[in-house]
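Biologist: I would like to go through this fold with you, one question at a time. Keep the answers brisk, please.

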Amino acid sequence: MNHTTSSYTIQKEDIPQLKFSKTEILSSAKKRKLRSHYLERASQLGNLLKTKVKIYFIDSTNKLISVNTTIWAVTSNFVVLKQGITIPKHSIIYIE
């Protein structure tokens with residue numbers, strides 16, 4: 001998944017200070033399904049190979065933010081990173 005807009009990169013430890021919108025960022029069901037696929041794959045790579053991925057997401061001010069991290073788990077509503085840090089799944093645009 002690619003995106004042409006530049007993002008602001010943060011450290012995963014800064015994520016808990018962010019506020020997130022409560023609405024889904026992706027408009028189509030196909031894009032949401034593809035996002036879930038990429039998140040599951042990234043979680044498997046993180047757990048098996050300790051591989052980091054770049055997650056692009058939108059905060060409550062519609063700012064595009066990225067973080068380079070390992071995904072430990074994916075639930076129905078959240079992506080779980082190290083130290084129990086979470087990102088709402090509906091705020092994630094794509095994963096590299």
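Modeller: A term first: two strands pair if DSSP finds at least two bridges between them. Helices (H or I, at least four residues) and strands (E, at least two) are DSSP runs, numbered from the N terminus. This is a predicted model, where local features need pLDDT of at least 70, side-chain atom pairs count only at pLDDT 80 or more, and totals for chains, interfaces and linings use all residues. Residues are numbered from 1 along each chain as its sequence is written, and side-chain values use heavy atoms, with hydrogens and water left out.

Biologist: How many bridges pair strand 2 and strand 3?

Modeller: These two strands form a hairpin with five residues between them. Asn 62 in the turn has a positive phi of about 65°. Ile 55 stands opposite Val 67 in strand 3. The pairing is antiparallel, and the count is six bridges.

Biologist: Which residue in strand 7 is the bridge partner of Tyr 56?

Modeller: Strand 2 and strand 7 are joined by three bridges. Tyr 56 has its bridge partner in strand 7, and that is Tyr 94.

Biologist: What is the order of the open sheet of three strands?

Modeller: Its edges are strand 4 and strand 6 (86-88), each pairing on one side only. Strand 4 and strand 5 run antiparallel over three bridges, and Ala 73 stands opposite Val 80 in strand 5. The pairing in this sheet is antiparallel, and the order is 4-5-6.

Biologist: At about what angle does helix 1 run to strand 4?

Modeller: Axes are lines fitted to C-alpha atoms, for helices over the stretch in contact (heavy atoms within 4.5 Å). Angles run from 0 to 180 degrees between N-to-C directions. Helix 1 lies across strand 4 and strand 5, and its angle to strand 4 is about 135°.

Biologist: Is Ser 43 buried or exposed?

Modeller: Ser 43 is found in helix 1. Beyond its neighbours within four places in sequence, Ser 43 is in contact with Ile 71, Trp 72, Ala 73 and Val 74. Its relative accessible area is 7%, so Ser 43 is buried.

Biologist: What relative accessibility does Thr 70 have?

Modeller: Thr 70 lies in the loop between strand 3 and strand 4. Neighbours within four places aside, its contacts include Gly 46, Lys 50 and Leu 81. Thr 70 counts as buried, with a relative accessibility of 10%.

Terms used. Buried means under 20% relative accessible area, exposed over 50%, partly exposed in between (1.4 Å probe, protein chains only).
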